[in-house]
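Thanks for coming. I have one structure to go through today, so please have a look at it on the screen.

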Amino acid sequence: MRSEDAARKLPLVVVTAPLSGGALALFEGRARVKLLDRRGPLGEAELAEALREASGAVTFLTDPVTRAVLEACPGLRVVSNVAVGTDNIDLEAARAQGVVVTHTPDVLTEATADLAWALILGVARRVVEGDRMVRAGGFSGWAPDLLLGVDLRGKILGLVGMGRIGRAVARRAPAFGMRVAYSQPRRLEDSVESALNARHLPLEDLLAAADVVSLHCPLTSETRRLMDRRRLLAMKPGAILVNTARGPVVDEEALVEWLRQGRLFGAGLDVYEREPALAPGLRELPNVLLLPHLGSATGAVRDAMARMAVTDCLAVLEGRQPEHWVV
Ligand code: GLV
């Protein structure tokens, strides 16, 4: 049996919220674990305090792993984010301090692509509006003009960002008869483009052409407010915007304005600019479908994400190369 002394020598890993999939058990005999007991999101000061003695941290996308937090934790060697996005972490500061950052790609790709399609279909066919009407007792019988939506067949799906998730969204497009265009700074190889039957367009051209624009870019200084007032206005009249990426990619107030004016048919949002707060007026709009950041939210995916983060965290602490490192 492990003696208390031996246990004390094990590195300390702070886990900022419960992990599913039996992931915590992977630490047994290899690290001491402190699971934070918190009620809401952690602020910078609380996070810095919690990580002060830690060698490793398993964090979530709501944890602000800022420069100040990293500088307050000189013993920290690895931050394993249970998310594919790492915009909650100051990667420059981590690199400068020699802290390895890992994330959880691949395992959530298909689930997130499914959710993007759920939003596309939900907005195009007014699924939630219909549900609300029925529940409110407003369904008085079939009518030829009741909640008419828009067809997807023959239309153009414009993907902003063509990484793993963008490509998975593209692969589903033929099933709905949609043609795919994509925009990102780096064009894909010809073979990948032709396998996906996807055409590369500059962003402005994509916005002018696409009937549905779905965002799949990471949040970086280049993509913050990429969909600003001007670009939202450049979208085809009557188009649909879907965001399963990160809220700050879109100017949410401008989006509310254009939706209210009926310039766009509708929007499906899983993420918000000041999450979990919503821009004023968003909630009241009938033509938006709003989800609470559910992109990767299936039981099996969350289990896999948790195990991946713990495995990579342990790899760094045990002197091995983690499989999914960012910096
Ligand atoms: C979810 O938003 C993620 O980045 O994993």
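The charged end of Arg229 sits over the ring of Trp258, 5.7 Å from its centre. Arg263 also has its charged end over the ring of Trp258, here at 4.6 Å from the centre. Keep in mind throughout that this is a predicted model.

Staying with rings, how many aromatic pairs does the count come to? It comes to one. The pair is Trp117 with Phe176, and it is stacked, with 4.6 Å centre to centre and 20 degrees between the planes. The planes count as stacked because the cut-off is under 30 degrees. Trp117 is in helix H5, residues 109-124, while Phe176 is in the loop between helix H7 (164-172) and strand E7 (179-183), so the pair links distant parts of the chain, 59 residues apart. A search of the whole structure finds 22 of them, and I will go through a few.

The side chains of Arg38 and Asp63 meet in one, at 3.2 Å from N to O. Arg38 counts as partly exposed, at 21% relative accessibility. Asp63 counts as buried, at 0%.

A second salt bridge joins Arg246 and Asp87, at 2.9 Å from N to O. This pair also links distant parts of the chain: Arg246 is in the loop between strand E10 (240-243) and helix H11 (252-260), Asp87 is in the loop between strand E4 (78-81) and helix H4 (91-97), and 159 residues separate them. Here the arginine, Arg246, counts as buried at 13% relative accessibility, and Asp87 counts as partly exposed at 34%.

There is also a network: Glu110, Asp114, Arg171 and Arg172 are joined by salt bridges that share partners.

One more salt bridge is the one between Arg52 and Glu49, with the closest N and O atoms 3.2 Å apart. Arg52 is partly exposed, with a relative accessible area of 37%, whereas Glu49 counts as exposed at 51%.

On to the strands. What is the strand order in the open sheet of five strands? The order is E2-E1-E3-E4-E5, and the pairing is parallel. E2 and strand E5 (100-102) stand at the edges with a single partner strand each, so one side of each has no neighbour in the sheet. From one strand to the next, the twist averages 15 degrees.

Within that sheet, look at E3. Strand E1, residues 12-15, pairs with E3 in the parallel sense over three bridges, and Val14 has Ala57 in E3 as its bridge partner. E3 also pairs with E4, again in the parallel sense, over four bridges. There the bridge partner of Val58 is Ser80 in E4. Are the residues on the two faces of E3 buried or exposed? They are all buried, with Gly56 and Val58 on one side and Ala57 and Thr59 on the other. In general, side chains in a regular strand alternate between the two faces of the sheet.

Last, strand E11, residues 266-269. Gly266 and Gly268 point one way from E11, Ala267 and Leu269 point the other way, and all are buried. E11 runs parallel to E10, and four bridges join the two. Leu241 stands opposite Ala267 in that pairing. With E12, residues 288-290, E11 pairs in the parallel sense over three bridges, and there Ala267 stands opposite Val288. E10, H11 and E11 together make a right-handed β-α-β unit.

That brings us back to where I started, since Trp258, with the charged end of Arg263 over its ring, falls within the residue range of H11, 252-260. That is what I had for today.

Conventions: Residues numbered from 1 in each chain as written. Predicted model: local features only at pLDDT ≥ 70, side-chain atom pairs only at ≥ 80, totals over all residues. Heavy atoms only, no water. Salt bridge = Lys/Arg side-chain N within 4 Å of Asp/Glu carboxyl O. Buried < 20%, exposed > 50% of the residue type's maximum accessible area, 1.4 Å probe, protein only. Pairing = 2+ DSSP bridges. Right-handed = clockwise from strand over helix to strand, strands pointing away. Phe/Tyr/Trp six-rings, centres within 6.5 Å; stacked < 30°, edge-to-face > 60°. Lys NZ or Arg CZ within 6 Å of the ring centre and 35° of its normal. Axes fitted to C-alpha atoms, helices over the stretch in contact; angles between N-to-C directions.
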